[in-house]
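Me: I would like to learn how to read a protein model feature by feature. Could you take me through this one, giving the general idea before each case?

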Amino acid sequence: MFERFRAFLESLTEASSPTVIEAGDPRIAVMALCIQVMDADGETVDSERKKVRSMIKDHYQLDDQTLDALIAAGETAESQAIDFFRFTSDIKRHFSEEQRIDLIGMLWEIVYADGKRSEMEDHVIWRIADLLGVSGRDRIIKRQEVAAKLDVVEETGAGQQET
């Protein structure tokens, strides 16, 4: 009798406890990379944070509680990382080539969330794409697609403009 009552109480607390994201979940690696791209230019603004939240929530169809748990897990993983390899190798094991290319597109959306693209953000995405096995061609195509979708005019070289 006591055991059934204890089990009942535990089931109540489990339902209200925060969602736990398991350590091997590849979404943690995705979130950590999103955070690293967000921080690449040394300035994280609200528009970038909102973009990450909405993209990840929509892409993985998460409720707010699970999203918050995933963000917390991603922040922890990112703060403990010394490079991108830990995350990109995990993603390569779980994602198809098409999914990895789409991820690069998501990272470009984070870059453009504040309305501008920096050299450091370019470098970070180049490194991530390279480690994910995404070609330079696919990386640039994704950048151009995102810029066109967001109606961003990009500058290249000596004052020329690229879209």
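Reply: Let us start with the largest pocket, where the largest share of the lining, 4 residues, comes from H2. This is a predicted model, in which local features need pLDDT of at least 70 and side-chain atom pairs count only at pLDDT 80 or more, while totals for chains, interfaces and linings use all residues. Residues are numbered from 1 along each chain as its sequence is written, and side-chain values use heavy atoms, with hydrogens and water left out.

Me: How is a pocket defined, and which residues line the largest pocket here?

Reply: On a 1 Å grid over the protein atoms alone, a pocket is an open set of points with protein on both sides within 12 Å along at least five of seven lines, and lining residues have an atom within 4 Å of a point. Here the lining consists of Met31, Ile35, Met38, Asp39, Thr44, Arg49, Val52, Arg53, Ile71 and Glu75. The elements giving two or more residues to that lining are H2, H3 and helix H4 (64-80). The volume of the largest pocket is about 170 Å³, a volume being the space filled by probe spheres set on the points, which are joined across faces, edges and corners.

Me: What is the make-up of the lining by class?

Reply: The classes are nonpolar (Ala, Val, Leu, Ile, Met, Phe, Trp, Tyr, Cys and Pro), charged (Asp, Glu, Lys and Arg) and polar (the others, Gly among them). In the lining of the largest pocket there are 5 nonpolar, 1 polar and 4 charged residues.

Me: How many helices and strands does the protein have?

Reply: Helices (H or I, at least four residues) and strands (E, at least two) are DSSP runs, numbered from the N terminus. The protein has 8 helices and 2 strands, and along the sequence they follow the pattern α-α-α-α-α-α-α-α-β-β.

Me: What span should H4 have, given its 17 residues?

Reply: The expected span of a helix is 1.5 Å times one less than its number of residues. For H4 this gives 24 Å, which agrees with the 24 Å between its end C-alpha atoms. Helix H7 (residues 119-132), with 14 residues, reaches 20 Å from its first C-alpha to its last, close to the 20 Å expected.

Me: Which residues of H7 are buried?

Reply: Buried means under 20% relative accessible area, exposed over 50%, and partly exposed in between (1.4 Å probe, protein chains only). In H7 the buried residues are Glu121, Val124, Ile125, Ile128, Ala129 and Leu132. Seen down the axis of H7, they fall within an arc of 130° and so line one face of the helix, the arc being that of the directions from the helix axis to the C-beta atoms. An α-helix has 3.6 residues a turn, so residues three or four places apart point the same way. Among the elements covering the buried residues of H7 are helix H2 (26-39), helix H3 (46-60) and helix H8 (136-149).

Me: Why does Lys142 count as buried, and what does Lys142 touch?

Reply: Lys142, in helix H8, counts as buried because its relative accessibility is 17%. Contact means heavy atoms within 4.5 Å, and, leaving aside neighbours within four places in sequence, Lys142 is in contact with Ile101, Asp102, Ile104, Gly105 and Trp108. The C-alpha atoms of Lys142 and Ile101 are 7.7 Å apart, although 41 residues separate them in sequence.

How values were computed:
1 Å grid on protein atoms, 1.4 Å probe; cavity = no way out; pocket = protein on both sides within 12 Å on 5 of 7 lines; lining within 4 Å.
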